[in-house]
Amino acid sequence: MIDFDRHRRLRNHQGIRAMVRETRVNTDQLMLPLFVKHGEGRDALDAMPGVEHLSIDALRREIHELSELGVRSVLLFGLPKTKDDLSSEAYAEEGIVQQGIRAIKEENKDIVVATDVCLCAYNPAGHCGIVRGEEIVNDESLSLLAKTARSHAQAGADLIAPSDMMDGRIAAIREALDQASYQNTPILSYSVKYASAFYGPFREAAHSAPSFGDRRSYQMDPANVREAFREAESDLAEGADMLMVKPAMPYLDVVRALKEQYDVPLAAYHVSGEYAMIKAAAQRGWVDEEAIVMETMTSLTRAGADILITYFSKDVARILQRDHGNRR
(Lines give C-alpha, C1' and ligand atoms only; values in the text may rest on other atoms or scores of the structure.)
Protein backbone atom coordinates (compact mmCIF):
# COMPACT_ATOMS: atom_id res chain seq x y z
CA MET A 1 0.00 0.00 0.00
CA ILE A 2 1.27 3.47 -0.91
CA ASP A 3 1.90 5.56 2.18
CA PHE A 4 0.86 9.18 1.49
CA ASP A 5 -1.04 11.95 3.19
CA ARG A 6 -4.70 12.39 2.20
CA HIS A 7 -5.02 16.17 2.28
CA ARG A 8 -8.32 15.95 0.42
CA ARG A 9 -10.05 14.54 3.49
CA LEU A 10 -10.46 18.11 4.75
CA ARG A 11 -11.66 19.39 1.37
CA ASN A 12 -14.48 17.03 0.46
CA HIS A 13 -17.22 18.66 2.54
CA GLN A 14 -18.21 22.33 2.43
CA GLY A 15 -18.75 22.41 6.19
CA ILE A 16 -15.33 20.94 6.91
CA ARG A 17 -13.68 23.38 4.50
CA ALA A 18 -15.32 26.24 6.39
CA MET A 19 -14.36 24.76 9.75
CA VAL A 20 -10.64 24.57 8.99
CA ARG A 21 -10.37 27.78 6.97
CA GLU A 22 -7.29 29.71 8.08
CA THR A 23 -8.18 33.18 6.80
CA ARG A 24 -11.57 34.83 7.28
CA VAL A 25 -12.88 38.14 6.01
CA ASN A 26 -15.40 40.04 8.13
CA THR A 27 -17.24 43.34 7.92
CA ASP A 28 -15.19 44.88 10.76
CA GLN A 29 -12.22 45.02 8.36
CA LEU A 30 -14.02 46.97 5.64
CA MET A 31 -13.52 50.68 4.97
CA LEU A 32 -15.44 52.22 2.07
CA PRO A 33 -13.99 55.23 0.22
CA LEU A 34 -16.64 57.90 -0.40
CA PHE A 35 -16.56 61.05 -2.53
CA VAL A 36 -18.65 63.98 -1.29
CA LYS A 37 -19.54 66.98 -3.44
CA HIS A 38 -21.38 70.28 -3.25
CA GLY A 39 -24.84 70.55 -4.74
CA GLU A 40 -27.48 67.86 -5.06
CA GLY A 41 -27.90 64.25 -6.11
CA ARG A 42 -25.40 61.65 -7.27
CA ASP A 43 -23.02 61.60 -10.23
CA ALA A 44 -22.02 58.23 -11.64
CA LEU A 45 -18.39 57.61 -12.62
CA ASP A 46 -17.85 55.93 -15.99
CA ALA A 47 -14.53 54.36 -15.05
CA MET A 48 -15.80 52.98 -11.72
CA PRO A 49 -19.28 51.45 -12.11
CA GLY A 50 -21.18 51.64 -8.83
CA VAL A 51 -19.05 54.47 -7.41
CA GLU A 52 -20.60 57.94 -7.31
CA HIS A 53 -20.02 61.53 -6.28
CA LEU A 54 -22.46 62.10 -3.41
CA SER A 55 -24.12 65.30 -2.29
CA ILE A 56 -24.57 65.75 1.45
CA ASP A 57 -28.13 64.41 1.27
CA ALA A 58 -27.02 61.43 -0.81
CA LEU A 59 -24.15 60.86 1.63
CA ARG A 60 -26.63 60.60 4.48
CA ARG A 61 -28.58 57.94 2.58
CA GLU A 62 -25.37 56.08 1.83
CA ILE A 63 -24.47 56.02 5.52
CA HIS A 64 -27.90 54.62 6.36
CA GLU A 65 -27.35 51.81 3.86
CA LEU A 66 -23.86 51.09 5.17
CA SER A 67 -25.19 50.94 8.73
CA GLU A 68 -27.73 48.31 7.73
CA LEU A 69 -25.00 46.28 6.00
CA GLY A 70 -22.70 46.43 9.01
CA VAL A 71 -19.92 48.41 7.31
CA ARG A 72 -18.50 50.45 10.17
CA SER A 73 -15.94 52.76 8.58
CA VAL A 74 -15.54 55.09 5.63
CA LEU A 75 -12.67 57.03 4.08
CA LEU A 76 -13.89 60.45 3.00
CA PHE A 77 -12.66 62.43 -0.01
CA GLY A 78 -13.97 65.84 -1.06
CA LEU A 79 -14.64 67.64 -4.33
CA PRO A 80 -14.25 71.36 -3.67
CA LYS A 81 -16.37 74.13 -5.16
CA THR A 82 -13.28 76.13 -6.13
CA LYS A 83 -9.54 75.51 -6.30
CA ASP A 84 -6.68 77.88 -5.49
CA ASP A 85 -2.91 77.74 -5.07
CA LEU A 86 -3.17 77.37 -1.28
CA SER A 87 -5.84 74.63 -1.42
CA SER A 88 -8.05 76.76 0.82
CA GLU A 89 -11.12 74.55 0.87
CA ALA A 90 -9.06 71.64 2.21
CA TYR A 91 -9.02 73.30 5.64
CA ALA A 92 -12.06 75.60 5.46
CA GLU A 93 -14.58 75.24 8.29
CA GLU A 94 -17.36 74.86 5.71
CA GLY A 95 -15.26 72.82 3.28
CA ILE A 96 -17.04 69.90 1.68
CA VAL A 97 -15.20 67.26 3.71
CA GLN A 98 -15.92 69.12 6.93
CA GLN A 99 -19.61 69.26 6.01
CA GLY A 100 -19.52 65.58 5.11
CA ILE A 101 -17.99 64.57 8.43
CA ARG A 102 -20.70 66.39 10.37
CA ALA A 103 -23.46 64.89 8.21
CA ILE A 104 -22.15 61.36 8.71
CA LYS A 105 -21.92 61.79 12.46
CA GLU A 106 -25.45 63.17 12.58
CA GLU A 107 -26.67 60.13 10.64
CA ASN A 108 -24.71 57.54 12.65
CA LYS A 109 -22.30 58.66 15.37
CA ASP A 110 -20.81 55.17 15.58
CA ILE A 111 -19.49 55.09 12.00
CA VAL A 112 -15.70 55.50 12.00
CA VAL A 113 -14.94 58.47 9.77
CA ALA A 114 -11.42 58.49 8.34
CA THR A 115 -10.49 61.47 6.20
CA ASP A 116 -7.97 61.65 3.41
CA VAL A 117 -5.58 64.52 4.08
CA CYS A 118 -4.00 65.82 0.89
CA LEU A 119 -3.99 68.99 -1.20
CA CYS A 120 -4.20 67.52 -4.71
CA ALA A 121 -7.96 67.91 -5.21
CA TYR A 122 -7.96 71.48 -3.92
CA ASN A 123 -5.38 73.24 -6.10
CA PRO A 124 -5.29 73.81 -9.88
CA ALA A 125 -1.96 72.01 -10.27
CA GLY A 126 -3.41 68.75 -8.93
CA HIS A 127 -0.33 68.01 -6.84
CA CYS A 128 -0.24 66.87 -3.24
CA GLY A 129 1.72 69.85 -1.91
CA ILE A 130 2.24 73.53 -2.62
CA VAL A 131 3.62 74.18 -6.10
CA ARG A 132 6.30 76.78 -6.84
CA GLY A 133 6.88 76.94 -10.56
CA GLU A 134 7.06 73.25 -11.39
CA GLU A 135 8.42 72.15 -8.01
CA ILE A 136 6.25 70.52 -5.35
CA VAL A 137 7.75 72.07 -2.24
CA ASN A 138 7.88 69.92 0.85
CA ASP A 139 8.32 72.00 3.98
CA GLU A 140 5.90 74.79 3.06
CA SER A 141 3.23 72.17 2.46
CA LEU A 142 3.40 70.74 5.97
CA SER A 143 1.61 73.62 7.69
CA LEU A 144 -1.35 73.37 5.28
CA LEU A 145 -1.56 69.60 5.67
CA ALA A 146 -1.50 69.98 9.45
CA LYS A 147 -4.15 72.69 9.25
CA THR A 148 -6.32 70.38 7.12
CA ALA A 149 -5.96 67.49 9.57
CA ARG A 150 -6.86 69.74 12.51
CA SER A 151 -9.96 71.04 10.73
CA HIS A 152 -11.09 67.46 10.06
CA ALA A 153 -10.68 66.55 13.72
CA GLN A 154 -12.59 69.68 14.74
CA ALA A 155 -15.44 68.63 12.44
CA GLY A 156 -15.60 65.23 14.14
CA ALA A 157 -13.30 62.91 12.18
CA ASP A 158 -12.26 59.81 14.10
CA LEU A 159 -9.16 58.97 12.09
CA ILE A 160 -6.77 61.13 10.06
CA ALA A 161 -5.27 59.53 6.94
CA PRO A 162 -2.53 61.63 5.27
CA SER A 163 -1.89 60.52 1.67
CA ASP A 164 0.35 63.34 0.39
CA MET A 165 3.74 61.63 0.89
CA MET A 166 5.50 64.84 1.97
CA ASP A 167 8.43 64.12 4.28
CA GLY A 168 7.70 65.05 7.90
CA ARG A 169 3.94 65.37 7.51
CA ILE A 170 3.11 62.86 10.24
CA ALA A 171 5.12 64.84 12.82
CA ALA A 172 3.51 68.10 11.69
CA ILE A 173 0.01 66.63 11.86
CA ARG A 174 0.59 64.93 15.21
CA GLU A 175 1.85 68.17 16.70
CA ALA A 176 -1.11 70.15 15.32
CA LEU A 177 -3.62 67.62 16.64
CA ASP A 178 -2.01 67.46 20.07
CA GLN A 179 -1.83 71.24 20.42
CA ALA A 180 -5.55 71.44 19.58
CA SER A 181 -6.37 68.83 22.28
CA TYR A 182 -6.92 65.97 19.81
CA GLN A 183 -4.28 63.76 21.41
CA ASN A 184 -6.62 60.78 21.14
CA THR A 185 -7.24 61.12 17.39
CA PRO A 186 -5.17 58.41 15.67
CA ILE A 187 -3.29 58.71 12.38
CA LEU A 188 -3.53 56.09 9.65
CA SER A 189 -0.60 56.98 7.43
CA TYR A 190 -0.40 56.23 3.73
CA SER A 191 3.16 55.27 4.60
CA VAL A 192 3.88 53.08 1.60
CA LYS A 193 2.20 54.73 -1.36
CA TYR A 194 3.61 53.84 -4.73
CA ALA A 195 3.61 55.99 -7.88
CA SER A 196 1.26 53.52 -9.50
CA ALA A 197 -0.50 53.24 -12.84
CA PHE A 198 -3.42 51.67 -10.95
CA TYR A 199 -4.66 55.09 -9.78
CA GLY A 200 -6.04 56.18 -13.17
CA PRO A 201 -9.80 55.94 -12.49
CA PHE A 202 -9.41 57.64 -9.09
CA ARG A 203 -8.28 60.84 -10.76
CA GLU A 204 -11.65 61.03 -12.47
CA ALA A 205 -13.32 60.35 -9.14
CA ALA A 206 -11.35 62.95 -7.17
CA HIS A 207 -10.78 65.49 -9.97
CA SER A 208 -7.11 65.40 -8.99
CA ALA A 209 -5.04 64.63 -12.09
CA PRO A 210 -1.77 66.63 -12.13
CA SER A 211 -1.79 69.52 -14.61
CA PHE A 212 1.91 68.91 -15.31
CA GLY A 213 4.42 66.16 -14.71
CA ASP A 214 3.63 63.27 -12.39
CA ARG A 215 3.98 62.33 -8.72
CA ARG A 216 7.15 60.27 -8.93
CA SER A 217 9.17 62.87 -7.03
CA TYR A 218 7.21 62.14 -3.86
CA GLN A 219 5.43 58.80 -4.27
CA MET A 220 7.48 55.59 -4.11
CA ASP A 221 9.11 53.75 -6.99
CA PRO A 222 7.16 50.50 -7.62
CA ALA A 223 10.46 48.61 -7.84
CA ASN A 224 11.39 49.26 -4.20
CA VAL A 225 10.56 47.37 -1.04
CA ARG A 226 13.45 48.24 1.32
CA GLU A 227 12.36 51.85 0.95
CA ALA A 228 8.96 50.84 2.36
CA PHE A 229 10.62 50.02 5.68
CA ARG A 230 12.27 53.43 5.80
CA GLU A 231 8.95 55.16 5.13
CA ALA A 232 7.15 53.07 7.75
CA GLU A 233 9.85 53.60 10.38
CA SER A 234 9.82 57.36 9.85
CA ASP A 235 6.05 57.57 10.16
CA LEU A 236 5.91 55.44 13.29
CA ALA A 237 8.66 57.51 14.87
CA GLU A 238 6.74 60.68 14.05
CA GLY A 239 3.51 59.43 15.66
CA ALA A 240 1.57 57.30 13.18
CA ASP A 241 -0.68 54.71 14.81
CA MET A 242 -1.40 52.59 11.72
CA LEU A 243 0.28 51.97 8.39
CA MET A 244 -1.07 51.55 4.87
CA VAL A 245 0.13 49.97 1.65
CA LYS A 246 -1.31 51.39 -1.58
CA PRO A 247 -2.07 49.78 -4.06
CA ALA A 248 -2.95 46.40 -2.64
CA MET A 249 -2.87 43.36 -4.94
CA PRO A 250 0.35 44.11 -6.88
CA TYR A 251 2.11 44.73 -3.55
CA LEU A 252 1.14 41.70 -1.46
CA ASP A 253 4.82 41.04 -0.86
CA VAL A 254 5.10 44.50 0.70
CA VAL A 255 1.99 43.93 2.83
CA ARG A 256 3.48 40.69 4.15
CA ALA A 257 6.90 42.21 4.75
CA LEU A 258 5.49 45.14 6.76
CA LYS A 259 3.19 42.88 8.75
CA GLU A 260 6.11 40.71 9.80
CA GLN A 261 8.25 43.72 10.74
CA TYR A 262 5.84 46.03 12.60
CA ASP A 263 3.36 45.21 15.33
CA VAL A 264 0.79 47.85 14.38
CA PRO A 265 -2.49 47.65 12.46
CA LEU A 266 -1.95 47.53 8.70
CA ALA A 267 -4.33 48.68 5.96
CA ALA A 268 -4.28 47.72 2.30
CA TYR A 269 -5.97 50.05 -0.20
CA HIS A 270 -7.56 48.10 -3.05
CA VAL A 271 -7.44 51.01 -5.47
CA SER A 272 -9.55 52.30 -8.34
CA GLY A 273 -7.67 50.54 -11.12
CA GLU A 274 -7.95 47.19 -9.36
CA TYR A 275 -11.67 47.78 -8.88
CA ALA A 276 -12.22 48.91 -12.47
CA MET A 277 -10.43 45.90 -13.96
CA ILE A 278 -12.60 43.45 -12.04
CA LYS A 279 -15.75 45.37 -12.98
CA ALA A 280 -14.80 45.51 -16.66
CA ALA A 281 -13.94 41.81 -16.85
CA ALA A 282 -17.12 40.86 -15.00
CA GLN A 283 -19.30 42.96 -17.29
CA ARG A 284 -17.87 41.04 -20.25
CA GLY A 285 -18.53 37.72 -18.57
CA TRP A 286 -14.82 36.90 -18.36
CA VAL A 287 -14.74 36.42 -14.59
CA ASP A 288 -17.17 35.64 -11.79
CA GLU A 289 -17.24 39.01 -10.01
CA GLU A 290 -18.39 37.76 -6.62
CA ALA A 291 -15.87 34.93 -6.53
CA ILE A 292 -12.94 37.08 -7.61
CA VAL A 293 -13.83 39.87 -5.15
CA MET A 294 -13.95 37.49 -2.21
CA GLU A 295 -10.74 35.76 -3.32
CA THR A 296 -9.08 39.16 -3.52
CA MET A 297 -10.20 40.22 -0.04
CA THR A 298 -9.12 36.86 1.37
CA SER A 299 -5.71 37.23 -0.29
CA LEU A 300 -5.21 40.69 1.22
CA THR A 301 -6.17 39.41 4.66
CA ARG A 302 -3.95 36.34 4.29
CA ALA A 303 -1.01 38.58 3.37
CA GLY A 304 -1.47 40.49 6.63
CA ALA A 305 -3.92 43.35 6.04
CA ASP A 306 -6.07 44.14 9.08
CA ILE A 307 -8.08 46.85 7.29
CA LEU A 308 -9.43 46.46 3.76
CA ILE A 309 -10.01 49.80 2.07
CA THR A 310 -12.09 48.85 -0.94
CA TYR A 311 -14.83 50.16 -3.22
CA PHE A 312 -16.28 46.65 -2.98
CA SER A 313 -17.08 47.08 0.74
CA LYS A 314 -20.86 47.02 0.28
CA ASP A 315 -20.69 44.00 -2.03
CA VAL A 316 -18.49 42.11 0.41
CA ALA A 317 -20.82 42.96 3.30
CA ARG A 318 -23.83 41.68 1.36
CA ILE A 319 -22.05 38.45 0.50
CA LEU A 320 -21.05 37.91 4.12
CA GLN A 321 -24.58 38.64 5.33
CA ARG A 322 -26.06 36.19 2.85
CA ASP A 323 -23.56 33.45 3.61
CA HIS A 324 -24.03 33.90 7.35
CA GLY A 325 -27.80 33.66 6.88
CA ASN A 326 -27.46 30.51 4.78
CA ARG A 327 -25.43 28.80 7.51
CA ARG A 328 -28.13 29.25 10.13
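I take helices (H or I, at least four residues) and strands (E, at least two) as DSSP runs, numbered from the N terminus. On that basis I find 11 helices and 12 strands in the protein chain.

**Model.** I am working with a predicted model, where local features need pLDDT of at least 70, side-chain atom pairs count only at pLDDT 80 or more, and totals for chains, interfaces and linings use all residues. Residues are numbered from 1 along each chain as its sequence is written, and side-chain values use heavy atoms, with hydrogens and water left out.

**Overall fold.** I note a C-alpha trace spanning about 75 × 45 × 40 Å along its principal axes.

Next I checked burial, where buried means under 20% relative accessible area, exposed over 50%, and partly exposed in between (1.4 Å probe, protein chains only). Of the 328 residues, 52% are buried. I count a contact when heavy atoms are within 4.5 Å. Of the contacts between residues at least 6 apart in sequence, 73% join residues at least 24 apart.

**Annotated site.** I found S272 and Y311 listed by UniProt under "binding site", in an unreviewed entry. The two are spread over 40 residues of sequence but cluster in space, with a largest C-alpha distance of 7.7 Å. UniProt positions are in the numbering used here, feature names are shortened, and annotations may be inferred rather than shown by experiment.

**S272.** I place S272 in helix α9 (residues 272–283). S272 is buried, at a relative accessible area of 1%. Leaving out residues up to four places away in sequence, I see S272 touching M48, F198, Y199, G200, P201, F202 and Y311.

**Y311.** I place Y311 in the loop between β12 (307–310) and α11 (313–327). Y311 is also buried, at a relative accessible area of 6%. With residues up to four places away in sequence left out, the residues touched by Y311 include L32, P33, F35, M48, V51, F202 and S272. Y269 is also among them. I looked for a polar contact (a pair of N or O atoms within 3.5 Å; within protein, one must be able to donate a hydrogen and the other to accept it, and residues adjacent in sequence count only if both atoms are side-chain atoms). One of 2.8 Å joins the side chains of Y311 and Y269.
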